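Me: I would like to go through this structure in questions and answers. Please keep to what can be computed from the atoms.

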Amino acid sequence: MSDDALTLREVLEVLERLYPPAAAQSWDRVGLVTGDPDQPVRRVLLAVDPTLEVVEEARSLGADLLLTHHPLLLRGVHSVATTSAKGATVTGLVVGDVALYVAHTNADVADEGVCEALADACGLAETEALAVVEGQALGRVGDLPSALPLRAFVEGLARHLPPTAGGVRVSGPPDAPVRRVALLGGAGDDLFDEVRASGADVYVTADLRHHPALEAREEARGGTPYLVDAGHWASEWLWLARAQRALGAALGDDVTRVETHISTVRTDPWTFLVGADLGGTP
């Protein structure tokens with residue numbers, strides 16, 4: 001790799017072409033969190049969450065930039081003392097000279113973003129927006145090449161997802177045919193009206209809470225749309241490889257000047273499962 005490293009400013013210019021900050025939802029907090037735009041960037045680590053363990057991984061790797069999907073400081077804080085986890089994370093980044101950059105809802109809606117990565121994992125070649133929120137295409141909907149039984153569809157999706165303690169939760173008859181798929185990476189139980197309007201047979205998302213999910217199934221009277229909860233971290237983890245490829249391609253001739261790595265830390269918060277009914281007793 002060349003000794004003349006790119007500056008953080010140059011890398012951010014590329015990232016912000018891929019994931020324009022203006023495409024983020026109004027409530028979101030994206031962009032540069034720590035770091036000096038003039039500092040050199042020779043190594044980048046990509047992760048879903050900027051946790052303490054991920055920051056330590058970045059420092060051990062010698063990363064100059066940590067690119068994450070989820071924000072570290074989404075809500076206001078009044079202290080970054082190391083007595084809190086967020087304070088310790090900020091301190092770890094600053095002391096380790098690691099810049100943190102966040103691409104969240106602007107990465108959800110991008111062509112090289114979270115929803116497109118999830119659509120690929122679902123087997124969808126062509127998609128359209130599930131909803132338009134604040135002028136941005138949120139979620140995706142498209143058709144499989146041919147109908148599949150619900151169980152076979154989910155098993156195919158699961159092969160692309162990283163393993164988690166909770167696995168993939170499904171609501172619907174295992175043998176029911178599905179062809180039209182709606183999806184939204186991360187939490188998506190506020191888009192059921194749009195899912196129904198799309199004519200989807202199945203909705204792939206995460207963080208499905210009891211009451212919204214139950215009400216959605218009641219409205220369906222046992223029919224479509226069936227529900228697939230792929231897990232928040234798992235459904236968004238798929239983006240990391242896509243972002244890595246997109247960053248490399250966008251760097252062009254400069255790609256040899258920057259190493260990129262995907263985090264090996266599983267930031268899904270759950271560690272094991274007890275008492276699950278794997279047979280899905282009605």
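Me: Which residue of β6 is the bridge partner of Leu 65?
Reply: This is a predicted model, in which local features need pLDDT of at least 70, side-chain atom pairs count only at pLDDT 80 or more, and totals for chains, interfaces and linings use all residues. Residues are numbered from 1 along each chain as its sequence is written, and side-chain values use heavy atoms, with hydrogens and water left out. Strands (E, at least two residues) and helices (H or I, at least four) are DSSP runs numbered from the N terminus, and β5 (residues 65-68) runs parallel to β6 (residues 99-102), with four bridges between them. In β6, Leu 65 is bridged to Ala 99.

Me: Which strands stand at the edges of the sheet?
Reply: Two strands pair if DSSP finds at least two bridges between them. The sheet is open, has five strands with mixed pairing, and is ordered β2-β6-β5-β4-β13. Two of its strands have a single partner strand each, so one side of each lacks a neighbour in the sheet: β2 (31-34) and β13 (259-262).

Me: At what angle does helix α9 run to β13?
Reply: Axes are lines fitted to C-alpha atoms, for helices over the stretch in contact, and angles run from 0 to 180 degrees between N-to-C directions. Helix α9 (residues 232-251) lies across β4 (43-47), β5 and β13. Its angle to β13 is about 175°.

Me: Are α5 and α6 parallel or oblique to each other?
Reply: The axes of α5 (residues 114-122) and α6 (residues 150-158) come within 8 Å and cross at roughly 125°. Angles under 35 degrees count as roughly parallel, over 145 as roughly antiparallel, 65 to 115 as roughly perpendicular and the rest as oblique. The two helices are therefore oblique.

Me: Which residues of α6 meet α5?
Reply: Contact means heavy atoms within 4.5 Å. On the α5 side the residues are Leu 118, Ala 121 and Cys 122. Their counterparts in α6 are Phe 153, Gly 156 and Leu 157.

Me: Is Gln 25 buried or exposed?
Reply: Buried means under 20% relative accessible area, exposed over 50%, and partly exposed in between (1.4 Å probe, protein chains only). Gln 25 is in the loop between α1 (8-18) and β2. Residues up to four places away in sequence aside, Gln 25 touches Thr 105, Val 133, Glu 134 and Gln 136. Its relative accessibility is 9%, so Gln 25 counts as buried.

Me: What is the phi of Glu 134?
Reply: Glu 134 is in the loop between β7 (128-133) and β8 (136-149). At 47% relative accessibility, Glu 134 counts as partly exposed. Although Glu 134 is not a glycine, its phi is positive, at about 55°.

Me: Which residue does a cis peptide bond join to Thr 224?
Reply: The omega of this bond is about 5°.
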